[in-house]
Amino acid sequence: MTKELERVGIPTVLICTILPLAASLGVNRVVAAKAIPHPLGDPTLADDEERQFRTSIVRKALESLTSDVESQVAI
């Protein structure tokens, strides 16, 4: 799906826990997630810390949307 969206000019980012999988799919922009059971969170953190953690992952994804890429970039 991400490749097709990119092909028509819509930048996409995949937040993924298994980076080799994203690479094999040919996704251009990849942001590393925390872990498979909790990709965008960490239940061991306090509420405020987890909110900051989640925000940082989403910000990385949004920042990567502004970058021009011609090959795969993992952040």
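Colleague: What should I know before I start?

Modeller: This is a predicted model, so local features need pLDDT of at least 70, side-chain atom pairs count only at pLDDT 80 or more, and totals for chains, interfaces and linings use all residues. Residues are numbered from 1 along each chain as its sequence is written, and side-chain values use heavy atoms, with hydrogens and water left out.

Colleague: How many helices and strands are there in the protein?

Modeller: Helices (H or I, at least four residues) and strands (E, at least two) are DSSP runs, numbered from the N terminus. Here there are three helices and three strands. Along the sequence they follow the pattern α-β-α-β-α-β. The C-alpha trace spans about 40 × 25 × 15 Å along its principal axes.

Colleague: How do I read burial, and what share of the residues is buried?

Modeller: Buried means under 20% relative accessible area, exposed over 50%, and partly exposed in between (1.4 Å probe, protein chains only). Of the 75 residues in the protein, 21% are buried.

Colleague: And the accessible surface of the protein, what does it come to?

Modeller: Accessible areas come from the Shrake-Rupley method with a 1.4 Å probe; for residues, only the protein chains shown count as cover. The total is about 5,300 Å². Carbon and sulfur atoms hold 58% of it.

Colleague: Which residues form a nonpolar patch on the surface?

Modeller: Patch residues have over 30% relative accessible area and no salt bridge; like charges are joined within 9 Å, nonpolar side chains (Val, Leu, Ile, Met, Phe, Trp, Tyr) within 5 Å. In this model the patch is I18, L21, L25 and I36. Together they have about 370 Å² of accessible area. I18 sits in the loop between strand 1 (14-16) and helix 2 (19-25). Its relative accessibility is 38%, so I18 counts as partly exposed.

Colleague: How many salt bridges does the structure hold?

Modeller: A salt bridge is a side-chain nitrogen of Lys or Arg within 4 Å of a carboxyl oxygen of Asp or Glu. The structure holds four. One of them pairs E6 with R29, with the closest N and O atoms 2.5 Å apart. E6 is in helix 1 (residues 2-7) and R29 in strand 2 (residues 29-32), so the pair ties together parts 23 residues apart in sequence. E6 is partly exposed at 21%, while R29 is buried at 5%.

Colleague: What about salt bridges inside a helix?

Modeller: Take R51 and D48, whose closest N and O atoms are 3.2 Å apart. Both lie in helix 3, three residues apart, about one turn of the helix. R51 is exposed at 51%, and D48 is exposed at 52%. E50 and R54 also form a salt bridge, at 3.1 Å between the closest N and O atoms. They lie in helix 3, four residues apart. R54 is partly exposed at 42%.

Colleague: Is E50 buried or exposed, and which residues does E50 touch?

Modeller: E50 is buried, at 14% relative accessible area. Contact means heavy atoms within 4.5 Å. Leaving out residues up to four places away in sequence, E50 touches G41, D42, P43 and L45.

Colleague: Where is T66 found?

Modeller: T66 is in the loop between helix 3 (47-65) and strand 3 (73-74). T66 is exposed, at 68% relative accessible area. A polar atom of its side chain lies 2.7 Å from the backbone oxygen of E63.

Key. A polar contact is a pair of N or O atoms within 3.5 Å; within protein, one must be able to donate a hydrogen and the other to accept it, and residues adjacent in sequence count only if both atoms are side-chain atoms.
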